[in-house]
Amino acid sequence: MRFILKPRFACYIRTRIHRATDLAKAKRILKWQRDPAGMRLRILQAAKQEFSAHGLAGARVDRIAANAGANKRMLYYHVGKKDDLYLAVLEGAYEQIRVEERSLDLEHLDPPKAIERLIDFTWNYFIRNPEFLALLNTENLARARHLKRSTKVKSMHSPFVEMIRTVVRRGVESGDFVVAVDPVQLYISIAALCFFYLSNSATLSVIFGRDLLSKEARDERLAHMVALVLAALTGKSMAAFGRNKAPRLRAAAAQPVEAK
């Protein structure tokens, strides 16, 4: 037996459903309008995970919105379209590391200790934030096309460069350092020592037959980087800054490969 709604009653039901839907939508809109900062933060966090996992080309706005508990309309309202969202994520990633670097208090440490702390921080920050390295890889593949649009990034780096310059100058004045290196070159060298090792650890581990991401290997790498940089700045031997474990690596590399 079929149950047929009378036209007037069917119209009434549809009206109630539409009103309930509109009310629920209005409540959602009111919620994110009351907390725009929180919604923007959730969108940027979801976008960072999406872009670091899939790159710019593979990232999907639908997934970002869903993971942020939002919809496309909210996303476009708070941040913008996909390219704008990607740039906001990049700027946020750079701002995060620069803020933490400024809290290192390098200006109140002896110059060699300040450089050691900078290396330690950079190394462990990269390890704790693999999505930052992924974003850098993506943007370098794009030849910094999006970063060139930023009006914020350059101003973020100026205080950080001056902080390193001050440490180097103090080191030369105190006699701890024998050379006043360019602070930009020094930081690029430190970042490169950390970045290459981590971004290529999979292939390097296979080539040298060692787990380069084990705790022992990571500790060894950090000690090596500190000794290497301080030896360059002070003119002393690396041996003055800790035990050099490089011979073990050379020995492993020198082992003959079995014929297959």
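**Figure 1. Burial around helix α10 in the predicted model.** The cover over the buried residues of α10 includes α9. Within α10, which spans residues 201-208, the buried positions are Ser201, Leu204 and Ser205. These residues lie on the same side of α10, because the arc that they cover around the axis is only 105 degrees. Exposed residues, namely Ala202, Val206 and Ile207, are found on the other side of α10. Just after α10, Gly209 adopts a positive phi of about 65 degrees. The structure shown here and in the following views is a predicted model.

**Figure 2. The largest pocket and its lining.** The volume of the largest pocket is about 680 Å³. Its lining comprises 25 residues, and those closest to the pocket centre are Tyr94, Arg98, Leu136, His157 and Tyr187. At least two lining residues come from each of the helices α5 (82-102), α7 (130-141), α8 (153-174) and α9 (183-199). Helix α9 makes the greatest contribution to this lining, with seven residues. By residue class, the lining of the largest pocket consists of 18 nonpolar, three polar and four charged residues.

**Figure 3. The largest cavity and the residues around it.** One cavity of 30 Å³ or more is present in the structure. Of the elements, α7 gives the most, with three residues. The cavity lining is made up of four nonpolar, two polar and two charged residues.

**Figure 4. The salt bridge between Arg63 and Glu50.** The structure contains 11 salt bridges. In one of them, Arg63 pairs with Glu50, and the closest N and O atoms are 2.6 Å apart. This pair connects distant parts of the chain, with Arg63 in helix α3 (residues 61-67) and Glu50 in helix α2 (residues 36-58), 13 residues apart. Glu50 is classed as buried because its relative accessibility is 5%, under the 20% cut-off. Arg63 has a relative accessibility of 35% and therefore counts as partly exposed.

**Figure 5. The salt bridge between Asp84 and Arg149.** A salt bridge joins the side chains of Asp84 and Arg149, with an N to O distance of 3.0 Å. Here too the pair links distant parts of the chain: Asp84 belongs to helix α5, whereas Arg149 lies in the loop between α7 and α8, and the two are 65 residues apart. Asp84 counts as partly exposed, with a relative accessibility of 33%. Arg149 is also partly exposed, its relative accessible area being 41%.

**Figure 6. The salt bridge between Asp219 and Lys215 in helix α11.** Asp219 and Lys215 form a salt bridge in which the closest N and O atoms are 2.7 Å apart. Both residues are located in helix α11 (residues 215-234), and their spacing of four residues corresponds to about one turn of the helix. Lys215 counts as exposed because its relative accessibility is 56%, which is over the 50% cut-off. Asp219, with a relative accessible area of 40%, is partly exposed.

How values were computed: Residues numbered from 1 in each chain as written. Predicted model: local features only at pLDDT ≥ 70, side-chain atom pairs only at ≥ 80, totals over all residues. Heavy atoms only, no water. 1 Å grid on protein atoms, 1.4 Å probe; cavity = no way out; pocket = protein on both sides within 12 Å on 5 of 7 lines; lining within 4 Å. Points joined across faces, edges and corners; volume = space filled by probe spheres on them. Nonpolar A, V, L, I, M, F, W, Y, C, P; charged D, E, K, R; others polar. Salt bridge = Lys/Arg side-chain N within 4 Å of Asp/Glu carboxyl O. Buried < 20%, exposed > 50% of the residue type's maximum accessible area, 1.4 Å probe, protein only. Arc of directions from axis to C-beta. Contact = heavy atoms within 4.5 Å.
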